[in-house]
Amino acid sequence: MDRIDALRLVIDVDEKGSFSAVARQRSIATSTVALAVGQLEQELGVRLMVRTTRRLVFTHEGEMLLADARRIVAEWDGAVGSFRDDGPLAGPIRITATNDFGRSRLRPLLDAFQSVNPAVHMTLMLSDDTVDLVEERFDLALRSGPLPDSTLRARLLLRGPRVVCASPAYWARAGKPDHPDDLIEHNCIVLSRPGAPLSNWPFRQGAKHFTIKVSGDRQASDGDVLRDWAAQGVGVILKNRWDVDHQLKNGALEIALDGYNAGDIDLYAVQPGGAPSRRVAALVEFLAEALVSSRAGG
């Protein structure tokens with residue numbers, strides 16, 4: 001067994017949890033899996049896993065090799081895939097995105113992608129925190145920018161402004177603001193971060209950039225909750241346009257202060273360094289086309 005195949009088995013062992021489960025999946029003998037891992041351990045001079053009759057645990061050295069194995073196999077698959085671009089896409093994709101965007105926009109798109117690529121297996125993690133793609137072994141992240149400088153690869157998927165919005169009922173009750181300064185008198189619902197709620201909202205008037213510190217009676221760490229509260233008439237939110245497109249179209253929310261662009265926010269597909277697998281590259285292309293099409297249609 002060559003090293004690439006051996007590394008694939010190591011990855012499979014991590015995902016399946018046992019040699020026997022990997023053997024059943026691949027229709028090979030359990031001893032073949034054990035032999036491949038044993039040969040790697042002998043070549044490297046370290047123990048990669050601690051195995052008992054009840055469980056299997058990767059050692060520190062095993063975790064290090066596992067991270068490298070995922071990168072090496074992905075780069076190899078990407079290189080080979082460039083010569084074999086007519087076969088069906090197959091294999092796992094681990095992807096992370098923010099809670100709100102992941103639920104409202106990304107999940108349906110992943111469903112659509114898998115409907116035509118059933119051999120691709122998705123793992124989706126939603127978090128408003130920035131996840132370390134390399135450490136957590138993610139293939140792809142959907143992140144809003146501008147992005148900090150890093151060794152990660154990023155592709156711009158979508159451009160759009162942030163907008164101030166609330167329900168028609170709220171505006172009827174409280175009155176629409178004429179200037180960002182008027183937001184001080186409104187019940188503004190803000191995204192909460194540990195120890196630092198995002199209560200300084202940015203605006204631009206011509207060439208002048210300024211911020212308004214807003215406040216209100218509610219905060220939440222999940223953007224989806226903020227959007228629902230706003231649609232129910234609780235208060236005012238500042239959101240990426242693509243996060244509220246549906247509510248703007250059906251009239252649940254209305255924009256105010258559109259003459260004071262609150263700052264463009266861009267959506268990026270971010271990947272670890274190195275060549276992506278063909279399935280990840282295909283997913284990025286699919287998302288780019290679908291997001292632009294949905295914006296054009298709206």
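This is a predicted model: local features need pLDDT of at least 70, side-chain atom pairs count only at pLDDT 80 or more; totals for chains, interfaces and linings use all residues.
**Entry 1, helix H3**

I began with helix H3, which runs over residues 30–44 and has 15 residues. From its first C-alpha to its last I found a reach of 22 Å, close to the 21 Å expected at 1.5 Å a residue. I then looked up which of its residues are buried, and these are Val33, Ala36, Val37, Leu40 and Glu41. Seen down the axis of H3, the buried residues fall within an arc of 135°, so they line one face of the helix. On the other side of H3 I noted Ser31, Leu35 and Gln42 as exposed. When I asked what covers the buried residues of H3, the list included helix H1 (3–16), helix H2 (19–26) and strand E1 (49–51). Just after H3, I also noted that Gly45 takes a positive phi of about 75°.

The search for salt bridges gave 19 in the structure, and I followed Asp14 through two of its partners. With Arg70, the closest N and O atoms are 2.8 Å apart. Asp14 lies in helix H1 and Arg70 in helix H4 (residues 60–81), so this pair ties together parts that are 56 residues apart in sequence. I recorded Asp14 as partly exposed, because its relative accessibility is 23%, whereas Arg70 is buried at 18%. Asp14 also meets Arg137 in a salt bridge, at 2.9 Å from N to O. That pair links distant parts of the chain, 123 residues apart, since Arg137 is in the loop between strand E4 (120–126) and strand E5 (140–145). Arg137 is partly exposed, with a relative accessible area of 26%.

Next I looked at Arg103 and Asp224, whose side chains meet in a salt bridge of 3.8 Å, N to O. Arg103 lies in helix H5 (residues 99–116) and Asp224 in helix H7 (residues 223–231), so the pair ties together parts that are 121 residues apart in sequence. Arg103 counts as partly exposed at 36% relative accessibility, while Asp224 is buried at 17%.

Searching the whole structure for aromatic pairs, I found three. I also looked for charges over rings, and noted that Arg94 lies over the face of Phe138, at 4.4 Å from the ring centre. The charged end of Arg218 sits over the ring of Trp229, 5.1 Å from its centre.

How values were computed
Residues are numbered from 1 along each chain as its sequence is written. Side-chain values use heavy atoms; hydrogens and water are left out. Rings of Phe, Tyr and Trp (its six-membered ring) pair if their centres lie within 6.5 Å; planes under 30 degrees apart count as stacked, over 60 as edge-to-face and the rest as tilted. A charge sits over a ring if NZ of Lys or CZ of Arg is within 6 Å of the ring centre and within 35 degrees of the ring normal. Helices (H or I, at least four residues) and strands (E, at least two) are DSSP runs, numbered from the N terminus. The expected span of a helix is 1.5 Å times one less than its number of residues. Buried means under 20% relative accessible area, exposed over 50%, partly exposed in between (1.4 Å probe, protein chains only). The arc is that of the directions from the helix axis to the C-beta atoms. Contact means heavy atoms within 4.5 Å. A salt bridge is a side-chain nitrogen of Lys or Arg within 4 Å of a carboxyl oxygen of Asp or Glu.
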